[in-house]
Amino acid sequence: MLIMNHDRFNFPKSVKNSNCKWLLPERKLCSIFVSAVLILVGASFQSVAQSATEERHNHFRGNISVTNNGLSLIPAFSLGRPAAIFELSLGGERLSFDPELRFALDGQPWSFIFWWRYKIVKKEKFNLHMGAHPAFVFVNTLVDDGNGNMVESMEAKRFFAWEVSPSYTFSPKIKVNFLYLQGRSLGNVPYALNQFVALGSSFTDVSISEKYFFNARPQLFYLKMNEKDGYFASSSFVVGRRDFPVSLGSIVSRKIVSEIEVDDWIWNISLIYSFNNQFVKRSSPVL
């Protein structure tokens, strides 16, 4: 189960500076969604120019990782085999577009999640954000080809989710956060309602030596999937070298008590490439 962690960009200090048939129903709805995404992207950058006297900062950052075991928050959506994951973030000081694109290493899409997040409260110590996303989860199914033969096809299942997450920062290296997330299925698929509640903490840029650092983000969480639920403990770990964009990460999850069918222990290890680009918009260009 992939840890839901919105401080998921683990930058070293210097970087902080088979033939498948696609079944994608309701093409019109997809076109409307793509149009809405483009409009919101434009709106996020248009807001930068609203102040004539104040500098506004935009960012484009992300993690690109390769892992031995593709894990997901919802056990039924885990890939369970090697995967490549692209976690990106594009936006300003409050509004951001945070897509997550996941693929099996053979190139088959696994899931696409298109997060929009807005920071409602942005203080030195306390922050509160809300977010929402449509998501597509790709699964292989057997269908009749019309001639009585069963052939493998790829189906995109659609979901919608929203979240709210307050956090409190004790120091530049220590933070606690709470997360509530709710998601449900869309389209002609069996109805599914998932709820996720987590209490976590983060310890970042902990020095191992002068050149190496360590990040840890443990959390306890409750997961409800329709009528089944369970309690779990999990953590992500990252070890990296300062002044170097590549790090080594791992996720470990332990079932405490659960009606949801999942292994007692789930883990993976990942090689992560991180980048972080900052842009400043001024009313008058600096020559």
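Residues are numbered from 1 along each chain as its sequence is written, and side-chain values use heavy atoms, leaving out hydrogens and water. Because the model is predicted, local features need pLDDT of at least 70 and side-chain atom pairs count only at pLDDT 80 or more, while totals for chains, interfaces and linings use all residues.

The protein has two helices and 13 strands; these are DSSP runs, H or I of at least four residues for helices and E of at least two for strands, numbered from the N terminus. Of its 287 residues, 42% are buried, where buried means under 20% relative accessible area, exposed over 50%, and partly exposed in between, with a 1.4 Å probe and protein chains only.

Now the salt bridges, meaning a side-chain nitrogen of Lys or Arg within 4 Å of a carboxyl oxygen of Asp or Glu. The whole structure holds six. Glu-100 pairs with Arg-102, with the closest N and O atoms 2.7 Å apart. Glu-100 counts as buried because its relative accessibility is 6%, and Arg-102 is buried at 5%.

Arg-242 and Asp-205 form another, at 3.0 Å from N to O. Arg-242 sits in the loop between strand E11 (228-241) and strand E12 (246-258) and Asp-205 in strand E9, so this pair ties together parts 37 residues apart in sequence. Both Arg-242 and Asp-205 are buried.

Lys-255 bridges to Asp-264, the closest N and O atoms being 3.2 Å apart. Asp-264 is partly exposed, at 41% relative accessibility. Finally, a salt-bridge network links Asp-98, Arg-117 and Glu-163.
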